[in-house]
Amino acid sequence: MSKLSRDELRSIADLARIALTEAELDQFSSQLDVILDSVAKVQEIVNDEIKPMSHALDINNVFRADVVGNSLSATDALAAAPASEDDRFRVPRILEEE
Amino acid sequence: MTAVDLAAGIKKKEFSAVDVAKAHFDQIAAVDKKLNAFLFIDEDGAMAQAANVDKKLASGEFLGPLAGVPVAVKDIFTQKDIPTTCGSRILENWRPPYDSTVVSRMKNADMVLLGKVNMDEFAMGSSTETSAYGPTTNPWDTSRIPGGSSGGSSAAVAGFLAPLAVGTDTGGSIRQPAAVTGTVGVKPTYGGISRYGIVALASSLDQAGPFARTVLDAALLHQAIAGYDPLDSTSINQPIPDFVAAAKHKDIAGMKLGIVKEFAGEGYQAGVLNRFNEAVAILRNLGAEIVELSCPSFTYALAAYYLIQPSECSSNLARFDGMRYGLRVDDGDSSVEQVMAATRAAGFGPEVKRRIIIGTYALSSGYYDAYYGSAQKVRRLIADDFNAAFSQVDALISPTSPITAFKIGEKLNDPMAMYLNDICTIPVNLAGVGGMSVPIGLADEDNLPAGMQIMAPVMCDDRMYRVAGALESALVSSWGGLLLDKAPRL
C-alpha cells in the first residue's frame, strides 16, 4: 500500500477539522503507516461475491407514530452552549467577509 | 458482599440502604486515590436515593431485586445534571440535560448511583490510559492497567468501591477489563440494551452491559437494564431471555461448546492458556461436550475492526464541533472552520485524533472500496463463520484477553500492540452476538487474573449465563471463595 505522505495527512486532518501540530504530523505519519499496512490485510480474502455488511441487525427504516412528545426548553438546550444570544446558539462567522 | 447479599440485607433491614451507600463512599475515600476510578462522586444524589429506598421499605412498598444496591456508571452514559466527560477534555464540565435509558432504568430499579467512572477517551483504548483525567489502576497491582475502555468500571468493582458497574463494549471494552481484574463482564447481543444516551463511538458495534463480582449479580443488573426501547431504533423488539434463571441453573450437561481454533498461538500468554485449558476440562467434567472448530475469517477481524470502528467514530465525533455544547476554542477573529479545528485540536487526545484521521482516510473517495468496503465484506464473512459455528454448537469459548494486565505506559505509544488486546473479543462485536468474560484463575507467570470468554448467538445471552454460572460454581468451590478474595488489600 502507498504510504501516507505528510501532505496527504495534513489534508485529511483538515477534512476532519483537526489542527495538527508539526510534532503530531511527524508522530502520526509513522504510526498511521503501520496501522494502514496492517489493516490493508482485509483485501486479502474479499471478492466481488461477498455482500458487504454494515450492521449487525438486518433492519431498515424503523418508523414510529409522529406524535408530539416532551422536548427540552430553549433554556435547557442552551444551558451548555459555549455562547448564546436571544434563545439561539451564537456561532463564529460562517461566511467570509466581503 | 455481593449485590444479592446487599439487596437481601437491605430488604430484611439488617442494614439500611444508607449504611450500604455510606460504606461504599468510605471505601472510595480510602482507596480511590490509588485507583483513580471515579471522575465524579455524587454523594448527595446517592445518599438521597438510598434514603428514599429505606423510606419506601419502611412504608412496606414492594421493591425490585436490586433496590438499594450501589452501582458505578461509566462516564459515557448521560445522567441528568451529572458531569459526563467521556474521558475527554472536549466535554469537561458538560452536564447533560437528560438521562440515558440505562441510567433511568437503574434509577427505576431503585439502585443507588454512586457516580461516574473513568474510561479511555471516547472509549478508544484497552487500558484507560487515554483518559484526559489520568489512568485508572488495577486493584490487583496498581502499577498495571485495569483494562479498557471501561477500566473505571472494572477497577471500581474489583476494588470493592461498588458491587456493580455499567460499561460499554465496542470491541472488548467490557470483557477485557473484566478479564484482567478478575470480575464478570457481559457484552449483550447488539440491540439487547438501549444505546439511547450513550455517547456514540461506533454505532453499529457499541453495546452497554454489566460488571459484577459474580455471574448472578451480572445477570440481575443485565435483566434490570435490558429490553426494547423505542428511543433506540436499533433496539431489538423481542422479549428478553431470563438471565437470572440461567445464571442459577448450574447444569450444563449435554450442552455443546466450541473452541475456536484461531484463538490460540503466537501472542497468547502461557499462563492464560493453562487456566483456559483447565476451565475447559471443568466444563467437560460438568457434562458439556467440547468440540474444536474453525472460523477462518476471525484472523482478519482485527484489521476489519480497525477500519470500521474508526470510520464510524470519525463520523460520530464530527458532532463535537464546539458550537452547541462542550469546549470552544475561539480567539474571536476566526472562521467557524478554524474554530472547529482549534477546538478539536485542543479537546481531543492523540488516540482520538489518530482514529478520526484513519476513519476519514478509509472513507475518503479513492480509498473507500479498498478499505471500508473490504472491511464490511470481512464483517460478513465473520458473521457467516459465527452462524456456521452456532449451527454446530450451543456456545463458543475462548480466552477473553490473550494476556494479563500489562504495566501502565508499556503499550501507550504502540497503537498496534494495544489493539492486539482485543483479538478474541472483536469478532463478537462485528457479528453482533453476545459475549461475556468470567474469571478462571491467576496466570502462573504473574499471579494476575485471566478470563474465559463465552459467546452465544443473537438474543441467546441466557446460554452464556448458564455456562458461566456452572463454571463459576465449580471454580469457586475449588478456590474456597471468589477469585477476588485472593486480591491484595489496597
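Good morning, colleagues. Please bear in mind throughout that this is a predicted model.

The buried residues of α5(B) are B:G151, B:G152, B:S153, B:S154, B:A155, B:A156, B:V157 and B:A158. Just after α5(B) comes B:F160, whose phi is positive, at about 65 degrees.

I turn now to the strands. Strand β6 of chain B, residues 207-212, is also mostly covered, with 6 of its 6 residues buried. Two pairings of β6(B) deserve mention. With strand β4 of chain B, residues 164-169, β6(B) pairs in the antiparallel sense over 6 bridges. Within β6(B), B:P210 has B:V166 standing opposite. Strand β5 of chain B, residues 184-187, is likewise joined to β6(B) in an antiparallel arrangement, by 2 bridges. Here B:F211 of β6(B) has B:G185 opposite.

Next, helix packing inside chain B. Helix α9, residues 270-285, and helix α16, residues 461-479, have axes that come within 10 Å and cross at roughly 110 degrees. An angle from 65 to 115 degrees counts as roughly perpendicular, and α9(B) and α16(B) are therefore roughly perpendicular to each other. Which residues meet there? From α9(B) they are B:A279, B:I282 and B:L283, and from α16(B) they are B:L471, B:A474 and B:L475. By class, this contact of α9(B) with α16(B) holds 6 nonpolar residues, no polar residues and no charged residues.

I come now to the two chains together. In total, 57 residues of chain B are in contact with 41 residues of chain A. On the chain B side, the elements giving two or more residues are α10 (301-316), α11 (336-347), α12 (350-363), α13 (369-390) and α14 (415-419). Of these, α13(B) supplies the largest share, with 12 residues. Sorted by class, the side of chain B that touches chain A has 31 nonpolar, 15 polar and 11 charged residues.

One helix pair shows this meeting of chains in detail. Helix α2 of chain A, residues 22-39, packs with α12(B) at an angle of about 55 degrees, and their axes are 11 Å apart. That angle makes α2(A) oblique to α12(B). The crossing of α2(A) past α12(B) is right-handed. On the side of α2(A), the contact is made by A:F28, A:Q31, A:L32 and A:I35, and on the side of α12(B) by B:R354, B:I357 and B:I358. The residues of this contact of α2(A) with α12(B) comprise 5 nonpolar, 1 polar and 1 charged.

Is B:G366 buried or exposed? B:G366 sits in the loop between α12 and α13 of chain B. Since a residue with 12 or fewer C-beta neighbours is exposed, and B:G366 has 8 inside 10 Å, B:G366 counts as exposed. The C-alpha atom of B:G366 is separated by 43 Å from that of B:I240, and the two residues are 126 residues apart along the chain.

To close, I would recall two points. The contact of α9(B) with α16(B) has 6 nonpolar residues and no charged ones, whereas the contact of α2(A) with α12(B) includes 1 polar and 1 charged residue. Thank you for your attention.

Terms used: Residues are numbered from 1 along each chain as its sequence is written. Chains are lettered from A and ligands numbered from 1 in the order in which they are written. This is a predicted model: local features need pLDDT of at least 70, side-chain atom pairs count only at pLDDT 80 or more; totals for chains, interfaces and linings use all residues. Two residues are in contact if their C-beta atoms, placed from the backbone, lie within 7 Å. Helices (H or I, at least four residues) and strands (E, at least two) are DSSP runs, numbered from the N terminus. Ala, Val, Leu, Ile, Met, Phe, Trp, Tyr, Cys and Pro count as nonpolar, Asp, Glu, Lys and Arg as charged, and the others, Gly among them, as polar. Axes are lines fitted to C-alpha atoms, for helices over the stretch in contact, and angles run from 0 to 180 degrees between N-to-C directions. Angles under 35 degrees count as roughly parallel, over 145 as roughly antiparallel, 65 to 115 as roughly perpendicular and the rest as oblique. A crossing is left-handed if the near helix is turned anticlockwise from the far one by less than a right angle, and right-handed if clockwise. A residue is buried if 20 or more other C-beta atoms lie within 10 Å of its own, exposed if 12 or fewer, and partly exposed in between; C-beta atoms are placed from the backbone. Two strands pair if DSSP finds at least two bridges between them.
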